[in-house]
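Open the model in your viewer and keep the selection tool at hand. The tour goes from one residue to the next and says what to look for at each stop.

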Amino acid sequence: MTKKHIVVLTTGGTIASKPSDSGRSQSGELSGEQLLDQVALPQGVDVTLEVMSILQKPSNAVTLADLAELHCQGRRALSRADVDGLVITHGTDTLEETAYFLSLTLPADKPCVITGSQRAPHQLGTDAFKNICDAIVAAVSPQLSQLGCVVVFNESLFAARYARKVSSFQLHGFDAPGAGSLGYIDGQRLKLYHTGTAIEPPIEGWDVPLPRVDLLPAYLDASPALLKACLESGAKGVVIDGLGRGHVPPGWMNEIRALVSAGVLVAVVSSCAQGPVNTSYEFSGSLADLVSAGVITLNDISARKARLALALLLSSTPREALGDAMERLMA
């Protein structure tokens, strides 16, 4: 078997932490080289690793500009004929967003695998090095070509679109509610149960800074002033994390109509871990009411990921074609 060449891009996070004098973890302190020096690959995995430290920060501090830089570095690596795949290490707080952004923007002809850890390298029972090993095993597998960016965590594989952080501290930190895992990694063996959703060609023509898209959670008696603030502060889009089947408090409707009238693109998803929105009810603030006001409905995606998709499409797609583009993306 030909020796594989994998590029590893590191961005900080818990997986690259050092202990501080206080006993807490300093996230993102280890460089990529320092981190990978501690990784022992499974016997039989023959690979050359090329490591680059792109960022060294906790993932709560990752910005859209950082995502654009990570995309550029990833695309450059994947375009090289001598590179067989890409691994990215990342903090878990925003890992699912970065994974989805890259799934929308990177070509899918070579594996792109993103991982992190729940326990820092210096902590008892750390999952840092095991997750890195599993990500590298996944990245050398041709089974992952054409799947877009995938998340590897706790010996499981998840499609970027559906991966969500489900525990703040336990080792099974990620899952894909409603969709399930794509498969698993057991030592040097990768098993796919299914290939997940077909990947669209990457979104092209976007540029930084991306248009600002705000995210608003709907909740009991939430103030409509939040929506007014989005309009007055210059948001180009708003994603509403709706209640149940895609509902909002009735007091939100006037401000939502004002946003749509002002040309702000408004979309709604369900805040539930699984299940689509649906126009099965008729009352003020129902999904039917939102649709009549010009709100776009999105299914089977979290609000955090819908925000990124909307920002990319606003940057790259004519306004009159946005609805069709979003529908294709959400299919």
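This is a predicted model. Start by selecting D289, which sits in helix 7, residues 287-292. Is D289 buried or exposed? Its relative accessibility is 15%, and since buried means under 20%, D289 counts as buried.

Now show what surrounds this residue. Setting aside neighbours within four places in sequence, D289 is in contact with M253, R257, F283 and S284. Select M253 from that list and check the distance between the C-alpha atoms: D289 and M253 are 8.2 Å apart in space, and 36 residues apart in sequence.

Next, turn to the aromatic rings. How many aromatic pairs does a search of the whole structure find? The search finds four. A pair of aromatic rings is described by the distance of the centres and the angle of the planes.

Select F153 and F174. Their ring centres are 4.9 Å apart and their planes stand at 50°, so this pair is tilted. F153 belongs to strand 7 (residues 149-153) and F174 to strand 10 (residues 174-175), so the pair ties together parts that are 21 residues apart in sequence. Both F153 and F174 are buried.

For the last stop, select Y281 and F283. These two also form a tilted aromatic pair, with 5.9 Å from centre to centre and 45° between the planes. Y281 is partly exposed, at a relative accessible area of 44%. F283 counts as partly exposed too, at 39% relative accessibility.

Technical notes: Residues are numbered from 1 along each chain as its sequence is written. This is a predicted model: local features need pLDDT of at least 70, side-chain atom pairs count only at pLDDT 80 or more; totals for chains, interfaces and linings use all residues. Side-chain values use heavy atoms; hydrogens and water are left out. Helices (H or I, at least four residues) and strands (E, at least two) are DSSP runs, numbered from the N terminus. Buried means under 20% relative accessible area, exposed over 50%, partly exposed in between (1.4 Å probe, protein chains only). Contact means heavy atoms within 4.5 Å. Rings of Phe, Tyr and Trp (its six-membered ring) pair if their centres lie within 6.5 Å; planes under 30 degrees apart count as stacked, over 60 as edge-to-face and the rest as tilted.
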